[in-house]
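This report describes selected structural features of one protein chain.

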Amino acid sequence: MQKNKPGPLPIFVYSSGYDMDLGPHVFPSVKFGFLYSRLVENSKFKKHRFEEPEPLDPALAALVHTRPYLSDLTSLTMSSRLNRSELPLNREIVEAFFLACGGTVLASRLAMEHGRGMNLSGGFHHSYHDHAEGFCYLNDVAIAIRVLQKERLIQNALVIDLDVHQGNGTARIFQKDDSIFTFSMHEQNNYPVKEVSDLDIGLETGCRDEEYLTLLSQALRQIGERFKPDIIYYLAGVDPYEHDRLGGLSITRKGMAERDRVVRDFMPGVPLVTLLAGGYAENTLETIDLHFQTCEVLAEFR
Ligand SMILES: [Zn+2]
């Protein structure tokens, strides 16, 4: 049998401004810099491009988020719109979110031009148009989609959200929009309160590799029959991992790599944007290692 032609090299997007000081917090906000260092220090990635984003223009955030919400966020006013973020609020953190959004927009443009873009941040899928939730102030994926639509670079998009937590903010933002197909596969009995995506798969706690990968492949096949996207966003959260503190699934390291491969090979030729999303292993190095593994899969080293 003929071996499939390798796909395009992913282009990575990173800024040193991604790292935030959240104080003692379950979100490992130093993971961005560690992952970047690991990639640039590894000789396997020496042919890969790394690009640095500009912070998102706040006017573009308004393509998704409401004026009152953005006003509270940029004036650092901890209001009822912001206080479900479970994050501190200060200038550095808000700037890190605008940079992360700029990164997802840049990764999207690079994916449109070259096939694969990956922001070494992003995937803040719990952010709604009018309020923050679950460590997410700005919904970078929704913003990037609206920017590309506004510039007529795309008409439609598919969001494949495999973080262990449902992409509730993204689902709600695009609920009445047929141009965006939202797919979320997550642990059912876990945060957050669920919204309705175009396709939701709520997994039983303890779900293992075989069932997980079978359901994923079936879902993607169904989606492929119904929807032809101009671009795919992949939220490659590593919290379905068996040793994650905020997830109750039992996906092995090997299963996580296979998951990433299934998404990578799903629609060859359609631009693919990959985002980190969540990951809360006891040892942060393990979380970084799983994100690194996603980078290796995208680069087709695995
Ligand atoms: Zn998560």
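This is a predicted model: local features need pLDDT of at least 70, side-chain atom pairs count only at pLDDT 80 or more; totals for chains, interfaces and linings use all residues.

## The parallel sheet

Ile160 has Tyr234 of E7 as its bridge partner. Strand E4 (residues 157-161) pairs with strand E7 (residues 232-235) in the parallel sense, and 4 bridges join the two. Both strands belong to an open sheet of 8 strands, ordered E2-E1-E3-E8-E7-E4-E5-E6 with parallel pairing. At its edges are strand E2 (50-51) and strand E6 (199-203), each of which pairs on one side only. In general, the strands of a sheet pair through backbone hydrogen bonds, in either a parallel or an antiparallel arrangement.

Two helices lie across this sheet. Helix H7 (residues 209-226) lies across E4, strand E5 (180-187) and E6, and runs at about 170 degrees to E5. Helix H9 lies across strand E1 (11-13), strand E3 (116-119) and strand E8 (272-275), running at about 170 degrees to E3.

## Packing of H8 against H9

Helix H8 (residues 253-264) packs with helix H9 (residues 284-298) at an angle of about 35 degrees, and the two axes are 9 Å apart. Their crossing is right-handed. H8 contributes Arg253, Met256, Ala257, Asp260, Arg261 and Arg264 to the contact, while H9 contributes Asp289, Leu290, Gln293, Thr294, Val297 and Leu298.

Leaving aside residues up to four places away in sequence, Asp260 touches Tyr234, Ala236, Thr294 and Val297.

## The enclosed helix H5

Of the 11 residues of helix H5 (residues 140-150), 9 are buried, and the helix is therefore largely enclosed by the rest of the structure. The buried residues of H5 are Asp140, Val141, Ala142, Ile143, Ala144, Ile145, Val147, Leu148 and Gln149. Just after H5, Arg152 adopts a positive phi of about 55 degrees.

The whole structure contains 15 aromatic pairs. One of them is formed by Phe45 and Phe292: the ring centres are 5.7 Å apart and the planes stand at 65 degrees, so the pair is edge-to-face. Phe45 lies in the loop between helix H1 (31-40) and E2, and Phe292 lies in helix H9, so this pair ties together parts that are 247 residues apart in sequence. Both Phe45 and Phe292 are buried.

Phe45 and Phe292 also belong to one aromatic cluster, together with Phe12, Tyr14, Tyr18, Phe27, Phe32, Tyr36, Phe50, Phe135, Tyr280 and Phe301.

## Backbone exceptions

Most peptide bonds are trans, and most residues other than glycine have a negative phi. Where does a cis peptide bond occur in this model? A cis bond joins Tyr191 and Pro192, with omega about 0 degrees. Pro192 lies in the loop between E5 and E6.

Ala277, in the former, has phi near 55 degrees and is buried, with a relative accessible area of 6%. Glu300, in the latter, has phi near 65 degrees; at 28% relative accessibility, Glu300 counts as partly exposed.

Notes
Residues are numbered from 1 along each chain as its sequence is written. Side-chain values use heavy atoms; hydrogens and water are left out. Axes are lines fitted to C-alpha atoms, for helices over the stretch in contact, and angles run from 0 to 180 degrees between N-to-C directions. A crossing is left-handed if the near helix is turned anticlockwise from the far one by less than a right angle, and right-handed if clockwise. Contact means heavy atoms within 4.5 Å. Buried means under 20% relative accessible area, exposed over 50%, partly exposed in between (1.4 Å probe, protein chains only). Two strands pair if DSSP finds at least two bridges between them. Rings of Phe, Tyr and Trp (its six-membered ring) pair if their centres lie within 6.5 Å; planes under 30 degrees apart count as stacked, over 60 as edge-to-face and the rest as tilted.
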